[in-house]
Amino acid sequence: MKTSIPFVRGVRLRRDSVPRSAVYPFSLAAVQQVERLRLERGITFFAGENGTGKSTVLEAIAILLGFNPEGGSTDLRFETVARSSSSLHEHLELLTLDGSADDGFFVRTEGLFNLATEVDRQDEEMEEIAREAKRWSGVTMTGYRPLSNRYGGGRSLHQQSHGEAMLALLSNRLGGGGVYLLDEPETALSPLRQMALLSVMHRLARSGSQVIIATHSPILLAYPGARIYRFDEDGIDETEYEETDAYRVTRDFLDHRERSLRTLLAADEVGEDDR
Ligand SMILES: Nc1ncnc2c1ncn2[C@@H]1O[C@H](COP(=O)(O)OP(=O)(O)OP(=O)(O)O)[C@@H](O)[C@H]1O
């Protein structure tokens, strides 16, 4: 069965259904201003400080699209007991663009281990079915393409390092022309592999995909022509690359490394003297 995933124009908060008390996730300014997101095909970034709600909003969009909340797709689904999603998706209406995609995926660094386990489990299950079929009928099952090819480039994701597995997943599974949500993919990646991810993003953008990426990476954010939304304690605003903290703070640190280190480490020394 072919999957049909809508391209996303934005989301509308059903304010009449939001609890009156300002509890998470409604306590987040970004959630209160979530309607400011104007999404299109191509590359969109959610940037901003830790804890401003990027993952919360991205996860809610992923759930509205039918993706597995822990990372995955509409068809690759799994659940571990350790995680629970926010209820935000229950209070959002998905606004769509014209047309739909037949591919989509939600990549979460924190879910990569469990995703790899699920891919291996499904491959082992198919191998067992093939063995049983051969035993009972003598027929060798053909035509089954192991998921580890589609996800890991021919190797189990578990047999690759964290960064190797992440780049293999991004390079192999995201086929193009789809809706792809990526939550801080750089966490596992070296600077060199983040640059390789820029090439993957370019391939996806050129194939008409919609790619929404929550990130702190000044390398990824440099993708030309992307729309960047800054999440902060006041809500959500569109911004320019050079205005993002990821760019400014990294650049300032590298340009003035010794001064920055003196300042950062001196604070600690004062603390020691005071003891
Ligand atoms: N299940 C939860 N219950 C209560 N608060 C939560 C829950 N999940 C997240 N939060 C809080 O909501 C805020 C936003 O979290 P979120 O993970 O969306 O931020 P983020 O912008 O993605 O941060 P980061 O850049 O660190 O990944 C944080 O302050 C976090 O502590």
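**View A. Strands 2 and 7, side by side in the predicted model.** Strand 2 (residues 42-48) and strand 7 (residues 227-232) run parallel here, joined by five bridges. For one of the pairings, look at Phe45, whose bridge partner in strand 7 is Ile228.

View B. Zoom out a bit and you get an open sheet of six strands, in the order 4-5-6-2-7-8, with mixed pairing. Strand 4 and strand 8 (235-239) sit at the edges, each pairing on one side only. From one strand to the next, the twist averages 15°.

**View C. Strand 4, an edge strand that is mostly covered.** Five of the five residues in strand 4 (residues 104-108) are buried.

View D. Helix 2 lies across strands 2, 4, 5, 6 and 7, at about 150° to strand 5. The largest nonpolar core counts 62 residues, and Phe46 and Ile61 have the most contacts inside it. Leaving out residues up to four places away in sequence, Ile61 touches Val8, Val11 and Leu181.

**View E. Around the ligand.** Helix 2 (residues 54-64) gives the most to this shell, with three residues. Among the residues around the ligand are Tyr24, Asn50, Lys54, Ser86 and Phe231. By type, the shell splits into four nonpolar, seven polar and one charged.

Key:
Residues are numbered from 1 along each chain as its sequence is written. This is a predicted model: local features need pLDDT of at least 70, side-chain atom pairs count only at pLDDT 80 or more; totals for chains, interfaces and linings use all residues. A residue is near a molecule or strand if its C-beta atom, placed from the backbone, lies within 6 Å of it. Helices (H or I, at least four residues) and strands (E, at least two) are DSSP runs, numbered from the N terminus. Ala, Val, Leu, Ile, Met, Phe, Trp, Tyr, Cys and Pro count as nonpolar, Asp, Glu, Lys and Arg as charged, and the others, Gly among them, as polar. A nonpolar core is a set of buried Ala, Val, Leu, Ile, Met, Phe, Trp, Tyr and Cys residues joined through C-beta atoms within 7 Å. A residue is buried if 20 or more other C-beta atoms lie within 10 Å of its own, exposed if 12 or fewer, and partly exposed in between; C-beta atoms are placed from the backbone. Two residues are in contact if their C-beta atoms, placed from the backbone, lie within 7 Å. Two strands pair if DSSP finds at least two bridges between them. Axes are lines fitted to C-alpha atoms, for helices over the stretch in contact, and angles run from 0 to 180 degrees between N-to-C directions.
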